[in-house]
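Hi everyone, thanks for coming.

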Amino acid sequence: MPPPALRPGIIPLRPLGLGDILDGTIKLIRSNPKAVLGLSAVAALLASVPVAIGQAFLLDALPSPLDDPETVAAAESELYSVSGILGQYAPTIISSAISFVVVTLLTGVLTRILGRAVFGGNISAGEAWRLVKGRVPALFGVVGMMAAIMIVPLVVFVLLLVAIAMNASGPEAGLWLLGLTLVFIVVYLAYYLFFRTRFAFASPAVVLEGRGPVDAMRRSWHLVSGDFWRVFGILLLTSVLVGLVAGLLTLPFTLAGTMFGMFGAGAATPIVSAVLIAIGGTLGSMFTYPFEAGVSGLLYADRRMRSEAFDLVLQTAAIEQQRQGWVHASADELWHPSNSARS
């Protein structure tokens, strides 16, 4: 029986199985909870507050089931006015913009923390940010290109629907629109999952290898090649797991905030409702963000170990660090692709 693999940090320094990746992600969070969960909580709160406020005031504007019919009709009419529609969707748009910024930055910082944790080293949030801030433009470049890849089919589909609606009428047009919508949902889901998997390692390549946006996406595509279905399966399983856990954490607070907003009375009702919904959203995302970032980062390390014999580089460095008795900051430089045994 071969000796157990060297394990100075959160993972054994050999190609990883699913259990190693999930266990390593949990160890990442436990080994540096102040930095990982603290940063995730701030990011989650910033993204949750606008939606929570919008939902709370929407619930406050909705008619109570106990109101008389005339009050219900007036409230519903107000909801479907221009101001009512803006009030419903503006918070979501604001929250999406905030999420775009904070989640991008958080992913970069967490990836840097993970890069040191593989060797058993800890890094503060401040130090991680100092190391990552120079890579922020490239990170936004990756996220921007991914957004463009995902949005273009949606724009084309909307334009197609508009063209059909303008050139057809009656039941036949409705059937065409319904059929196209169902087909598009199936095709777009496959499209989304394919590109999400192919470019899953672009952010780690930006942060740990110092690559530009286009080069990082090309690098991710290359690393995923030859093991697409395994990477796809682990990412999908991770999304399902964190979705279930986040849902369980979020549901009690969201339900309480919704019920209070619908049936509560008084000037404080929207405030209390918003606070409850924000707490639920923050708790759910605080767990989701670091777990998904951790799994992506460890999958990236696994693919490098499998395709580039990178585990030999990590083992050699870990033995030297153990001899010295500490993990030096120069360990970050080992992630550069020039250090791979097979580049």
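Axes are lines fitted to C-alpha atoms, for helices over the stretch in contact, with angles from 0 to 180 degrees between N-to-C directions. Helices are DSSP runs (H or I, at least four residues), numbered from the N terminus.

A word on the source: this is a predicted model, where local features need pLDDT of at least 70 and side-chain atom pairs count only at pLDDT 80 or more. Residues are numbered from 1 along each chain, and side-chain values use heavy atoms, leaving out hydrogens and water.

Now, how do α6 and α8 lie relative to each other? The axes of α6 (residues 136–167) and α8 (residues 202–209) come within 10 Å and cross at roughly 170°, and α6 and α8 are therefore roughly antiparallel. On the α6 side, A138, L139 and V142 are in contact (heavy atoms within 4.5 Å) with A202, S203, V206 and V207 of α8. That contact has six nonpolar residues, one polar and no charged (Asp, Glu, Lys and Arg count as charged; Ala, Val, Leu, Ile, Met, Phe, Trp, Tyr, Cys and Pro as nonpolar; the others, Gly among them, as polar).

Next, α8 meets α9 (residues 213–224): their axes come within 8 Å and cross at roughly 120°, so the two are oblique. Here A202, A205, V206 and E209 of α8 touch A216, M217, R219 and S220 of α9. By class, that makes five nonpolar, one polar and two charged.

Terms used: Parallel < 35°, antiparallel > 145°, perpendicular 65-115°, else oblique.
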